[in-house]
Amino acid sequence: MEQIGFGIISACLLGAALGVVTGKNLVHSVLWLAVTLVTTAALYVFLNATFLAGIQVILYTGGVITLMLFGVMLTRRDERVMVENEQNGRRLWIAALAALGLFALLAAATFKTPGLPRTQAEPTTTDAIGRAFLTEHLLAFEVLSLLLLAAMVGAIVLARRHDAGADARGGL
Amino acid sequence: MPLTSVLLLSMALFCIGVFGVLSRRNAIGILLGVELMANAVNINLVAFSRFQGGVVGQVFAVFAIALTVAEVVVGLALVILLYRSRKDVRVDEANALSG
Amino acid sequence: MDAWLSNPFVHGLVYGVVVVTALMTVTAWSIWFERKFAGRMQSRTGPTLVGPYGLLQPLADALKLLQKEDIVPKDADRVLFNVAPPLTVLFALGAAAVVPWGPEQIAADLDVGVLFILAMGGMVVFPVWIAGWASNNKYALLGGMRSVAQGISYEIPLVMAALVPVVLCGSMSVSDIVRFQLEHGWLIYSAPVVGFLAFLLFFLASLAEANRIPFDIPEAESELVAGVTTEYTGMKFGLFYLAEYLHTLVISAVASALFLGGWGGIGGLAPGLHWMVLKTLLLFGAIFWIRWTLLRFRADQLMTLCWKYLVPGGLALVMAAAAWVHWGAFAGTTATPAPAPAEQGAR
């Protein structure tokens, strides 16, 4: 049962990821990424990390994918449903070779590593994660909030239009 | 399922991401590849936390997810800036500084 | 037989089928109810011709939609155009999986149920955007973009409002939150100001996420023809229509479980499924009442309301709830409660 579930999730995950990198339409690529991220959340449920699965769906699909879609709409060259996402023909084979080589290297390294844990440990609880955030990892947690603030301010400064009338015309 | 199969899956995802980053011309297409790679790393963190026990793996994964969101925000702002100055987001066209 | 039914997959499947059928039926006749209700509010009679009191009107509507020609615009993105309507229904229904209808009537009692509800709420905007994009129509695209902007903005006050019961009850499982309310009283009055304001905030933000009046700018017919549904015909249009009502029904159920004591009766009277259904239907009716009373916001007013008032208000509410728990305002609860039983892994 577990093997079948993992097999199905893996197949969906890899298929969706291939959709991201091979799609001809940029919008389709972004939506394939959404499928990949949601399937990853399913994998997290499978690995008994339900809290993380929820966070993954809310932050990634709710945040990242929406941003990407807006990015696509703001940077397209003509008003069509098809947004070009072409591949660099000359570098295609080099890229494929590099990816395969990296995979071979990583796989070899994994199989050679001694002492990988073989059995599953006790599942962690959401309660324990929350406590770890506000005790052991409090400093990292606070620094992260600062980083998010910095990213937000940075993005607004970078993407802002510099003509004065833009604010008055703003809105959707 | 053993840890090795989860690791192999995340490795494959990471390499697909690498392929995307190397082969795409559109800046947003490249960002999508980076997202795939970050996602693969998170899977590794969660898998090790499942098999090794302890809460640190998942805490770290939450940090990683938040960092990725911040990275995407800034990355997209840069892409929009690129589009505004050149009306094009193909990264190999943005070579004004190359000799 | 019992062992067979307690298998989580079989259990989920059986309850899922029952809940989905019930929700669909209620939704179909809620359209009749809304038309009657709106008619009475405007001194009309509403539907009268099909069946007694027009009761068979939903069937007639469905038959009419089924007979319409199915048109896909020539320059549309065919695949996405066809995939969007069923996805809308799926995500609108999603949150119903973790809503406890009674002490035993839960399709999937997740230990992170509240998070699941919020995640489903966040996903709802995607099919709407996909529909707007794939139609290749400027009104549809504008509607889709408005929907996404509105969805991600109102997601933030929604998360904060939903965090208030989580903080007060110390659990993310919806059924635990209801059990806490059975013991300490409904959150709407047992944590006086905080609970009531959080309920209002949750209700408002949910309405915005379901694109209901006064927040229905994605399909504002006076500005955008029909918004994202402009290019859709026949049953595909019907699915969007169905999804909107389903989503409204599901958020009524979620709000009743999180704030109105779920299956608990008034004054502890005969708790059970009937109370949950009654509360859900009352909230659902209230949404119709709002719809036929209020006007539509303008897009910029909508954003102003969210970012300048609801988000700071939500932050203040979460802090107030934390302070409430810290000073032990619920009898028998202390500042650092022991880990709740439901948080020890999914059942």
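1. How many residues does the contact take from chain A and from chain C? It takes 19 residues from chain A and 31 residues from chain C, where two residues are in contact if their C-beta atoms, placed from the backbone, lie within 7 Å. On the side of chain A that touches chain C, α2 (26-46), α3 and α5 (126-134) each supply at least two residues, and the largest share, 9 residues, comes from α3(A).

2. This is a predicted model, in which local features need pLDDT of at least 70 and side-chain atom pairs count only at pLDDT 80 or more, while totals for chains, interfaces and linings use all residues. Residues are numbered from 1 along each chain as its sequence is written, and chains are lettered from A and ligands numbered from 1 in the order in which they are written.

3. Helix α3 of chain A (residues 50-74) has 25 residues and reaches 35 Å from its first C-alpha to its last, close to the 36 Å expected, that span being 1.5 Å times one less than the number of residues. Helices here are DSSP runs of H or I with at least four residues, and strands are E runs of at least two, numbered from the N terminus. Of the 25 residues of α3(A), 20 are buried, that is, with 20 or more other C-beta atoms within 10 Å of their own, C-beta atoms being placed from the backbone.

4. Chain C has 14 helices and 0 strands, and 49% of its 347 residues count as buried. Among the contacts in chain C with a separation of 6 or more, 76% come from residues 24 or more positions apart.

Conventions:
A residue is buried if 20 or more other C-beta atoms lie within 10 Å of its own, exposed if 12 or fewer, and partly exposed in between; C-beta atoms are placed from the backbone.
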